[in-house]
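Please keep the coordinates open while reading.

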Amino acid sequence: MRYLFARVTFAALVALASIPSTASTAAAASPERASVIGIQYRPVHGCSPVQAVQKARWAGLRNARVTNITPRRVVVSGRSYRAWEQMSFANVRGCPLLRR
């Protein structure tokens, strides 16, 4: 009997919580808000080539250029102090360095 009473009470609470409130959302909008255009920013999921080149230049590569992009990595080539080098960055947010 207790379990039946608990289930009925829980079902009643869920039913009451699902009833929308009586205040309309249109009343909350003002004319000032109607003129503002909402800008939606696209989240960055991978490593952009520009960010990879910037990180390679900061690490000491001169004339850095993106040479290969795969779903897993971004390869940047450039000239270091001694010779030509390649840096590999993971193709995830933040461009972590894989190898130099």
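Which residues form a disulfide, and how far apart are their sulfur atoms? C47 and C95 form the disulfide, with the sulfur atoms 1.8 Å apart. The points below start with the ground rules and return to this pair.

1. Basis. This is a predicted model, in which local features need pLDDT of at least 70 and side-chain atom pairs count only at pLDDT 80 or more, while totals for chains, interfaces and linings use all residues. Residues are numbered from 1 along each chain as its sequence is written, and side-chain values use heavy atoms, with hydrogens and water left out.

2. Layout. The chain has 3 helices and 4 strands. Helices (H or I, at least four residues) and strands (E, at least two) are DSSP runs, numbered from the N terminus. Along the sequence the order is α-α-α-β-β-β-β.

3. Totals. The chain has 100 residues, and 18% of them count as buried. Buried means under 20% relative accessible area, exposed over 50%, and partly exposed in between (1.4 Å probe, protein chains only). The accessible surface is about 8800 Å². Carbon and sulfur atoms account for 60% of that surface. Areas come from the Shrake-Rupley method with a 1.4 Å probe; for residues, only the protein chains shown count as cover. Take the contacts between residues at least 6 apart in sequence: 28% join residues at least 24 apart. Contact means heavy atoms within 4.5 Å.

4. The disulfide. The count comes to 1 disulfide, taking a disulfide as a pair of cysteine sulfur atoms within 2.5 Å. The pair links distant parts of the chain, 48 residues apart. C47 is in the loop between α2 (31–34) and α3, and C95 is in the loop between β3 and β4. The torsion about the S-S bond is about 105°, so the disulfide is right-handed. Are the two cysteines buried or exposed? C47 is buried, at 7% relative accessible area. C95 is buried as well, at 0%.

5. The core. The largest nonpolar core has 11 residues, among them C47, C95, L61 and F89. Such a core is a set of buried Ala, Val, Leu, Ile, Met, Phe, Trp, Tyr and Cys residues joined through side-chain atoms within 4.5 Å. Elements α3 (49–58), β2 (73–79) and β3 (84–90) each give two or more residues to this core. The largest share, 3 residues, comes from α3. A64 is another member of the core. Leaving out residues up to four places away in sequence, A64 touches V53, A56, R57, V76, S77 and G78.

6. The strands. Strand β1 (residues 62–69) pairs with β2 in the antiparallel sense over 5 bridges. Pairing requires that DSSP finds at least two bridges between two strands. N68 stands opposite V75 of β2, and I69 has V74 as its bridge partner. Why is β2 largely enclosed by the rest of the structure? Because 5 of its 7 residues are buried.

7. S77. This residue is found in strand β2 and counts as buried at 14% relative accessibility. Its bridge partner in β3 is Q86. The side chains of S77 and Q86 also make a polar contact (3.4 Å). A polar contact is a pair of N or O atoms within 3.5 Å; within protein, one must be able to donate a hydrogen and the other to accept it, and residues adjacent in sequence count only if both atoms are side-chain atoms. Beyond four places in sequence, S77 touches L61, N63, A64, R65, T67, E85 and Q86.

8. N91. This residue lies in the loop between β3 and β4 (97–99). N91 is buried, with a relative accessible area of 18%. What does its side chain reach? The side chain of N91 reaches the backbone nitrogen of C47, at 3.0 Å. Setting aside neighbours within four places in sequence, N91 is in contact with residues including H45, G46, C47, I69 and V74.
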